[in-house]
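Hi,

Here is the structure I promised to pass on. Have a look at it first, and then read my notes below.

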Amino acid sequence: MNKLKTLVVGCGNMGVSHARAYHQLSEFEIVGLVSRKPESREKLSKELGGLPTYANFDTALRESKPDVVSINTYPDTHADYVRKSLNAGAHVFVEKPLALTVEEAEELVALAKEKNRKMVVGYILRVHPSWTKFVEVARTLGKPLVMRMNLNQQSSGDKWYTHKQLMNSMSPIVDCGVHYVDIMCLMTQSIPISVSAIGANLSKEIDSKMYNYGQLQVRFKDGSVGWYEAGWGPMMSETAVFIKDVIGPKGAVSISDKPKDSSQDIEGHTKTGSLQLHYSELTKEGDFVKKDDFIRTEDEPDHDGLCLLEQVYLLNAIKNDEDLSSHLRDAINSLKIVLAADESVRTGQTVIL
């Protein structure tokens, strides 16, 4: 197979990590870096040995003629860039969410199928060994499941600036929530039936109609329930920033050893210390039959390593013509749930799916 000519769009945290992954994999050849900020694209170009850079996406797409386009920009640009890339005949990797509406996401999935191009959405937890194990163990706990997850981030400086930029198009429970709702769907292997949510605007620095704190609750057809909470900003508490906990009739499994660094640390968003497995079975005397098990997970990929695994997944899909329809169906369903949560915050009503 010839090298896959790859255009990397966006040179922030995610774009840098994905560019490093393509640079490391011999099957890819980066033919361009796109960023509105000259300093970010030039810095990344220099790090990777001197690569062509572009300020404009359309120019880059036309001149570089890529086989693969990697989209790592703000969410409000995703759908437009994906559509143009597919129409140009390129395979696509796009950071989540695929689009800002379910209808647009469905349209892009149909376009990828029509063009016979592979499209992977960046659900990084799906390639994470510890999270894969977390899902696997959760599926042994019986039904229904109770899933409790959050990711609160106390942000300042550049990270608060990035959060404010993100909130021009979506709230924290939509932006981050798709990852964790996706995990809930994987754990239950059931259909979500309703969503309710609450939210609050805690900052005068964001639009009055936006909210930087939110919590959603989702009900599944099999009786399972889950909640997810996310807040961004300098006012957020760091007391409970990282809860990943699943309970079933047979016991519970939790990601323990919460990140040592602050909630601003990007490595802390996925990092785990161990999985704690608790068994509910009791003796006749009412004591627990088994002690809790701890499944060690310290030897796990860092953020760049996880982005590398995502690009290996894309590469295998292209090389082996793998069917990505279930991956894309899940991408649509997780978006459907978080957008229903957003509707619920704004209307005060439970949304039936």
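Let's start with a term: a residue is called buried when its relative accessible area is under 20%. Keep in mind as you read that this is a predicted model.

Now to aspartate 245. Its relative accessible area is 10%, so aspartate 245 counts as buried. You'll find aspartate 245 in strand E12, which covers residues 244-248.

What does aspartate 245 touch, once its neighbours within four places in sequence are set aside? The contacts are Phe134, Val146, Met147, Arg148, Val253 and Ser254. Two of those names come up again when you look at side chains. The side chain of aspartate 245 has a polar contact of 2.6 Å with the side chain of arginine 148, and there is another polar contact, at 2.4 Å, between the side chains of aspartate 245 and serine 254. As for proline 97, its C-alpha lies 24 Å from that of aspartate 245, and the two residues are 148 apart in sequence.

On to the cysteines. How many disulfides are there? The count is 0. To count, two cysteine sulfur atoms would have to be within 2.5 Å. For cysteine 176, the closest cysteine sulfur belongs to cysteine 307 and is 15 Å away, so that is too far for a bond. The sulfur of cysteine 307 has its closest cysteine sulfur in cysteine 11, but at 14 Å that is also too far for a bond.

Are these two cysteines buried or exposed? Cysteine 176 is buried, at 8% relative accessibility, and cysteine 307 is buried as well, with a relative accessible area of 0%.

Cheers

How values were computed. Residues numbered from 1 in each chain as written. Predicted model: local features only at pLDDT ≥ 70, side-chain atom pairs only at ≥ 80, totals over all residues. Heavy atoms only, no water. Buried < 20%, exposed > 50% of the residue type's maximum accessible area, 1.4 Å probe, protein only. Helix = DSSP H or I, 4+ residues; strand = E, 2+ residues; numbered from the N terminus. Contact = heavy atoms within 4.5 Å. Polar contact = N/O pair within 3.5 Å; in protein donor to acceptor, adjacent residues only side chain to side chain.
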